Amino acid sequence: MSPQKMSVRRVAVIGGARIPFARSDGPYATASNQQMLTAALDGLVERHGLQEPGAVGEFVAGAVLKHSRDFNLVRETVLGSKLHPSTPAYDIQQACGTGLQAVIAAANKIALGQTDSAIAGGADTASDAPLGVNDSLRRILLEARRAKSLGGRMKALAKVRPGHLVPDIPRNAEPRTGLSMGEHAAVTARAWGIRREAQDELAATSHQRLAAAYERGFFEDLVIPFRGLARDQNLRPGSTVEKLAALKPVFGLDHPDPTMTAGNSTPLTDGAATVLLASEEWARERGFEPLAYLTAYETAAVDFVGGDVAGGEDGLLMAPAYAVPRMLERAGLGLDDFDLVEIHEAFASQVLATLAAWEKRGLGTVDRARLNVAGSSLATGHPFAATGARIVATLAKLLAERDAPARGLISVCAAGGQGVTAILERA
Ligand SMILES: CC(=O)SCCNC(=O)CCNC(=O)[C@H](O)C(C)(C)COP(=O)(O)OP(=O)(O)OC[C@H]1O[C@@H](n2cnc3c(N)ncnc32)[C@H](O)[C@@H]1OP(=O)(O)O
């Protein structure tokens with residue numbers, strides 16, 4: 001396959017804005033997805049002066065956990081925000097890949113000349129989870145609604161039993177296997193021989209690097225204070241390997257030597273993030289200096305049902321092991337060509353398994369000094385749909401700081417055995 005650039009027009013990353021991420025059932029416990037997404041969006045709009053009609057071509061974002069009332073969440077967010085009400089908007093969803101897939105959808109339209117600017121992002125709350133009514137009760141209520149007479153309605157409602165009142169609670173589990181993300185990751189960690197010490201080291205590094213990035217003011221123009229938080233609440237600057245080593249395992253307990261703990265797994269998190277993308281012409285006209293350019297992206301999926309449950313190497317969160325080689329081949333690049341690498345840290349073991357898979361597939365090793373240099377999801381937390389936008393904005397700014405040609409790789413694993421990846425470059 002010959003190397004090819006995907007863009008017809010170059011797509012620039014102009015800036016990002018997110019609210020600090022909070023541990024679920026904490027300070028954002030009463031905040032909805034719409035409120036959090038609005039706060040992130042307003043921060044971006046105000047900072048870049050995008051209030052007038054037509055300033056932004058469209059807003060594309062999503063949430064993984066949504067109430068039925070949020071069927072048009074992203075457009076509703078526009079209507080309650082500082083973005084002009086004439087801005088079109090739509091929802092997108094690819095589990096934990098949502099934020100990055102929103103960036104890709106927006107970038108494609110800019111690349112093809114269908115719009116000049118767009119905002120992409122995502123929000124998620126595990127606190128304000130969409131509890132549903134029990135399926136049996138829902139069917140009875142629908143039957144009652146369809147009934148043509150009071151008698152018919154009463155007859156339907158008379159079928160309600162106490163057991164029907166048990167709510168339908170969303171589970172952090174794969175429908176096809178019934179296993180949680182953490183249990184899947186534990187199976188994969190065993191298949192790849194990922195040690196506890198290596199996981200704790202990765203987690204400690206993530207906290208220390210995120211803390212250092214906050215200390216040097218890196219996030220001052222990226223993070224908008226919200227509901228009393230100015231920094232990611234999950235950040236523990238004092239998180240050392242020794243402290244992490246003392247935590248008890250929480251996943252893979254059916255195995256004699258479980259390695260995954262609350263410290264080397266992402267916590268359930270609430271938050272929202274946005275990114276501003278545009279054509280170079282649009283950026284020039286408005287006087288914005290692009291931080292970086294999106295030059296390639298890829299998605300992949302694995303047969304995790306057969307592979308992972310059987311203890312194979314193609315686990316639920318391993319699709320980036322396929323997406324990245326494919327993307328690099330298309331772009332005519334190798335891992336060595338990247339100054340920075342951002343791997344979403346769903347679990348430390350999943351990052352380490354992904355690195356091992358890239359190595360096994362002949363891509364080489366990633367220099368840890370280039371990996372997640374401003375921390376990642378183990379320290380920031382992981383509000384599912386927001387993570388991709390957080391990473392794009394962080395990496396674009398890190399590349400811009402280098403003030404020289406530089407290239408960055410993004411790898412995000414997602415539920416359903418999927419992976420979304422991208423390349424950012426600074427010319
Ligand atoms: C594609 C994808 O991204 S898949 C990933 C999707 N996300 C997930 O699946 C979320 C996975 N995470 C979880 O389910 C939960 O966070 C769990 C099960 C890992 C942990 O839940 P909890 O037990 O409620 O965690 P909790 O925050 O109470 O932490 C447990 C203990 O570890 C401690 N701890 C957690 N992190 C650290 C740390 N970095 N340093 C030191 N101690 C820590 C806590 O202080 C707590 O200690 P305590 O019991 O003395 O109070």
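Arg9 counts as partly exposed, at 21% relative accessibility (buried means under 20% relative accessible area, exposed over 50%, and partly exposed in between, with a 1.4 Å probe and protein chains only). The structure is a predicted model, in which local features need pLDDT of at least 70 and side-chain atom pairs count only at pLDDT 80 or more, while totals for chains, interfaces and linings use all residues. Residues are numbered from 1 along each chain as its sequence is written, and side-chain values use heavy atoms, with hydrogens and water left out.

Side chains of opposite charge can pair when their charged atoms come close. The model holds 25 salt bridges, a salt bridge being a side-chain nitrogen of Lys or Arg within 4 Å of a carboxyl oxygen of Asp or Glu. One of them joins Arg9 to Asp116, with the closest N and O atoms 3.1 Å apart. Arg9 lies in the segment before strand 1 (11–18) and Asp116 in the loop between helix 3 (98–111) and strand 5 (117–124), so this pair ties together parts that are 107 residues apart in sequence. Helices (H or I, at least four residues) and strands (E, at least two) are DSSP runs, numbered from the N terminus. Asp116 is partly exposed, at 38% relative accessibility.

Arg9 also meets Glu281 in a salt bridge (3.1 Å, N to O). This pair links distant parts of the chain, 272 residues apart, with Glu281 placed in helix 9 (residues 280–286). Glu281 has a relative accessible area of 33% and is partly exposed.
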